[in-house]
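Let's take a friendly walk through the charged side chains of this protein. Please keep the sequence and the model open as you read.

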Amino acid sequence: MREFLLVPAALALTASAAMAEGLPGVSDGPGPNMVITVAAADGTEKGTITLDLYEDKAPNHVARLIELAESGAYDGVVFHRVIDGFMAQTGDVEFGKQDGDTARAGMGGSDLPDLKAEFGDVSFQQGTVGMARSQNPDSANSQFFIDLAPATFLDGEYTAVGQLVDGWDVLNDIKKGDPDANGAVDDPDYMLSVTIEK
């Protein structure tokens with residue numbers, strides 16, 4: 001089974017560790033929006049984050065996110081890989097369910113076909129949402145990540161699908177993983193519910 005990684009941990013650590021409460025100048029675009037309620041491993045709600053999806057820039061990837069969210073596939077999926085100063089990754093609907101065995105989280109996808117890359121001109125900055133993939137550029141499926149800091153070395157290499165526009169404090173509070181284990185998280189936070197607002 002393939003593993004959906006962004007970049008080797010050594011490169012990930014080159015990203016700026018600067019964090020902000022919010023980003024000036026970032027506003028909600030035309031949407032649709034993905035609203036994620038984040039919960040701790042014990043089920044305690046931590047708050048919500050809102051992602052403005054780039055339907056015009058990555059229509060096929062955004063359609064996939066919407067399809068999985070509206071079907072309930074993302075509900076209960078863990079943030080299996082979270083690297084402080086880089087990004088929080090989730091979306092493994094196959095192996096990442098919070099109430100199951102998440103030992104293989106990050107290695108699966110959905111039962112839908114992989115997607116052809118939709119690289120564009122979006123630069124990966126704090127709060128940018130991108131699709132995780134294997135070494136094959138056309139292998140994104142269900143997993144996605146949200147940048148915790150600028151990561152411009154991902155530009156043109158990963159499909160950008162949106163921007164976090166609300167819930168910076170919740171994003172920054174997602175439980176971080178072990179840097180010596182490429183960000184793997186013990187008792188990870190998870191997406192309690194994921195809804196789409198059009």
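## Charged side chains

The structure holds four salt bridges, a salt bridge being a side-chain nitrogen of Lys or Arg within 4 Å of a carboxyl oxygen of Asp or Glu. This is a predicted model, in which local features need pLDDT of at least 70, side-chain atom pairs count only at pLDDT 80 or more, and totals for chains, interfaces and linings use all residues. Residues are numbered from 1 along each chain as its sequence is written, and side-chain values use heavy atoms, with hydrogens and water left out.

| Pair | N to O distance |
|---|---|
| Lysine 46 and aspartate 189 | 2.6 Å |
| Lysine 57 and aspartate 121 | 3.7 Å |
| Lysine 198 and glutamate 70 | 3.7 Å |

Let's start with lysine 46 and aspartate 189, which form a salt bridge. Lysine 46 lies in strand β2 and aspartate 189 in the loop between α3 and β9, so the pair ties together parts that are 143 residues apart in sequence. Helices (H or I, at least four residues) and strands (E, at least two) are DSSP runs, numbered from the N terminus. Aspartate 189 is buried, at 3% relative accessibility, while lysine 46 is partly exposed at 27%. Here buried means under 20% relative accessible area, exposed over 50%, and partly exposed in between (1.4 Å probe, protein chains only). Asp173 joins Lys46 and Asp189 in a network of salt bridges.

Next comes the salt bridge between lysine 57 and aspartate 121. Lysine 57 sits in the loop between β2 and α2 (59-70), and aspartate 121 in the loop between β5 (87-90) and β6 (128-131), 64 residues apart. Lysine 57 is partly exposed at 39% relative accessible area, and aspartate 121 is exposed at 67%.

Lysine 198 and glutamate 70 form a further salt bridge. Lysine 198 is in the segment after β9 and glutamate 70 in helix α2, so this pair ties together parts 128 residues apart in sequence. Lysine 198 is exposed, with 75% relative accessibility, and glutamate 70 is exposed too, with 52%.
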